Amino acid sequence: MNGSDPRLIKPVLASVLTVLLLSLPWLTSDYFVMMTIRIMYFGLLTMSLCYLAGELGLVSLMQAAFFGIAGYFVAILQTRYSLPFPIPPLAGIGVAVLAAGLFGLLAIKAKGVYFLMLTLVLGQLVWALASQWASMTKGDSGITGIYAPVLFGFSAEKSKTVFYFFQLFAFSGVVWFLAALKRSPFGLMLRGVRDSETRMAMLGYPVMLLRYLAFIFAALVAAVGGVFFAYFTGLINPHSVSLTANVEALMASILGGINTLFGAVLGTGILKTLDVVLSGVTERYVLVMGVMFLVIIMFAPKGIAGSARQIWEAYKGKMLSFLALGNKTAKP
Amino acid sequence: MFLVKMCILNGFTLAALLFIVASGLTLSFSLMRVVNLSHGAFYLAGGFVGLSVLNASGSWLLAIGVAGIAIAVLALVEERFFLRWARGNDLIETLVSLSIAIIIGDLVLVIWGGYPKTIKIPEMLSGAVEIPILVVYYPVYRLFMLAMALVLGGGLWLFLKKTNLGITIRAGVDNFNMVAALGFNVKRIFTMVFALSGFLAGAAGVVGGTLMMLVVGEDWRILTLTLIVIIIGGLGSLIGTAVGALITGLAYSFATAYIPEFSLFILFLPVAVILSIRPQGLFGKEAA
């Protein structure tokens, strides 16, 4: 991915980022910390989508369903059955993964546009369940009063800073997990499947199983985001599993660039910032977003991170040729 | 027994509406391989255009016509200026249609507001009649919808099988390059079929808006139901769409009557069963 970068840049950037993230609550205001928390949990949702898109070449419109299933289970188990702390989030993530196991059986058979269409339908069915099964999910008004737990004597409900650090820990864990997964033999096999499925099948790799596992891993990432979403906002309603939520995740991943984890977080950050800025200026937030989405798909389908890299590569090539030859042969 | 009869009748009439909407989508898909996600938005916009025309003129038939033509123009613009631009990459095309759906949805909200509205059933089609064999009274309008779907289905079938244009379209599905090489302007035919698909969606909006509510959000519900119909029936097959619409309509109607909390979710069952037996849908061709 970044083989041509000088070796030092990466660790230096990583340490600067780590220090920044760790000192964020003392460097900035509460509002900024809250924004960062939101970007992190929605970022997990976007990452889940980007993982499937990047590693398998499949665009899913149901990742928010797993996000929401986990959130709903946290809400229901905590408010309705009053189960103690580690159970609701663990069960929520577990059920979301089980749901992915079930839906995955159907979805992985489809490819390309068929996959998109199928996941749209499956996601809408989860939305229908959230909206219509009112005796369990409280219908369209949703479930309120979800309290974040107390961990090691620190209450994540009372202090945003504590919440921030718990989430940062989980978030970094997931990012590390996904990055490791991408580099693992499993990740390489997946990329093989993406690039030439028949060849991988001929070589004896279990193509379907690989796709199925990737689908489940992606759901797991979204589910972790959903748990933090439910705890942070204290409420969950059908909007979080709606098509709009899925489209927002898709928009964020296309904004940032669908192939990288960094792009996923960047895209979410941009989208959520725009969300705040635009809703202050205009009521036609959705319209502006739709137009923006259209423009990005048509003119920069690789996203901002992708386009930036493209420009960087082009610029670098020009620089090298300029230095080497001492003349301007590169086209504008 | 009465409930069962009503469920069956309601199932058939819902299937009729779904068929009218889905036939447009399957038509555009079979030729262009675009899963046009703005089809639900076309339906909703068509319904609201029809409502305004009806309020202005008082004629329900005129409302259908104007709504159909308005949405056909909209579809034409979408195809000509956006989809054609992205031709060849079906994923990009689908995402373009998705963003256009979002834009149309919000414009509808701006123009007609967020409150649910219904179109008044025309004088001639209001009231109920007794159905001889089943011995139940049933709204005339719903029976009319059923007849309309049958006529439309028959008409489309004849159009695709018997007319020169229909034959060209089907030939274009099988071998785009050959048909283009024979001197047909396949691009123009694409645009025309897409406009026809828009016409069907817009007209269906008026027909459906007379039966159910027109409200923002309905676009996605109709799109979901339509996609379910098409997943069950198989993409690009008119008969498949009819069968898919029947299965979906009946399942939804029975579920609404007996287990309302799961009425939409229950549609998951036929989708799951059919996908695990025949991933390409009941009448779909093997994916190329």
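In which handedness of crossing does α2(A) pass α12(A)? In this predicted model, the crossing of α2(A) past α12(A) is right-handed. The axes of α2(A) and helix α12 (residues 261-281) of chain A come within 8 Å and cross at roughly 130 degrees, and that angle makes α2(A) oblique to α12(A). From α2(A), the contact draws on M35(A), R38(A), I39(A), F42(A), G43(A), T46(A), M47(A) and C50(A). Facing them from α12(A) are L261(A), G263(A), A264(A), V265(A), G267(A), T268(A), G269(A) and K272(A). Sorted by class, the contact of α2(A) with α12(A) holds 8 nonpolar, 6 polar and 2 charged residues.

Helix α2 (residues 30-56) of chain A also meets helix α11 (residues 243-256) of chain A, where the two axes come within 9 Å and cross at roughly 65 degrees. The helices α2(A) and α11(A) are therefore roughly perpendicular to each other. Here, too, α2(A) makes a right-handed crossing as it passes α11(A). On the α2(A) side, the residues in contact are L45(A), T46(A), L49(A), C50(A) and A53(A); on the α11(A) side, they are A249(A), L250(A), A252(A) and S253(A). This contact of α2(A) with α11(A) comprises 7 nonpolar and 2 polar residues, with no charged ones.

Chain A contains 14 helices and 4 strands. Of its 332 residues, 44% count as buried. Contacts across the sequence can be followed as well: among those in chain A between residues at least 6 apart in sequence, 74% join residues at least 24 apart.

Another helix pair involves helix α4 (residues 87-107) of chain A, which packs with α10(A) at an angle of about 145 degrees, the axes being 8 Å apart. The crossing of α4(A) past α10(A) is right-handed. On α4(A), the contact includes P89(A), G92(A), I93(A), A96(A), V97(A), A100(A), G101(A), G104(A) and A107(A). Their counterparts on α10(A) are Y212(A), F215(A), I216(A), A219(A), L220(A), A223(A), V224(A), G226(A) and V227(A). In this contact of α4(A) with α10(A), 14 residues are nonpolar, 4 are polar and none is charged.

In soluble globular proteins, nonpolar side chains tend to be buried together. The largest nonpolar core of the model has 194 residues, and the members that touch the most others are F66(A), V221(A) and A223(A). Helix α10 (residues 207-233) of chain A gives the most to this core, with 18 residues. A223(A) also takes part in the contact of α10(A) with α4(A). Beyond its neighbours within four places in sequence, V221(A) is in contact with L44(A), M47(A), S48(A), Y51(A), V174(A) and L178(A).

I236(A) lies in strand β4 (residues 235-236) of chain A. With 27 other C-beta atoms within 10 Å, I236(A) is buried. Setting aside residues up to four places away in sequence, I236(A) touches G68(A), G71(A), Y72(A), A75(A), G142(A), I143(A), I146(A) and A230(A). The C-alpha atoms of I236(A) and A130(A) are separated by 9.8 Å, although the two residues stand 106 residues apart along the chain.

In chain B, A204(B) is found in helix α8 (residues 186-211). A204(B) is buried, having 33 other C-beta atoms within 10 Å. Its partners, not counting residues up to four places away in sequence, are L17(B), I20(B), V21(B), Y43(B) and G46(B). Between A204(B) and I69(B), which are 135 residues apart along the chain, the C-alpha separation is 12 Å.

Finally, the two chains meet through 30 residues from chain A and 34 residues from chain B. On the side of chain A that touches chain B, the elements giving two or more residues are α5 (112-132), α6 (134-137), α11 and α13 (285-299). The largest share of that side, 12 residues, comes from α5(A). By class, the side of chain A that touches chain B has 23 nonpolar, 5 polar and 2 charged residues.

Notes: Residues numbered from 1 in each chain as written. Chains lettered and ligands numbered in written order. Predicted model: local features only at pLDDT ≥ 70, side-chain atom pairs only at ≥ 80, totals over all residues. Axes fitted to C-alpha atoms, helices over the stretch in contact; angles between N-to-C directions. Parallel < 35°, antiparallel > 145°, perpendicular 65-115°, else oblique. Left-handed = near helix turned anticlockwise from the far one by under 90°. Contact = placed C-beta atoms within 7 Å. Nonpolar A, V, L, I, M, F, W, Y, C, P; charged D, E, K, R; others polar. Core = buried A, V, L, I, M, F, W, Y, C linked by C-beta atoms within 7 Å. Buried ≥ 20, exposed ≤ 12 C-beta atoms within 10 Å, placed from the backbone.
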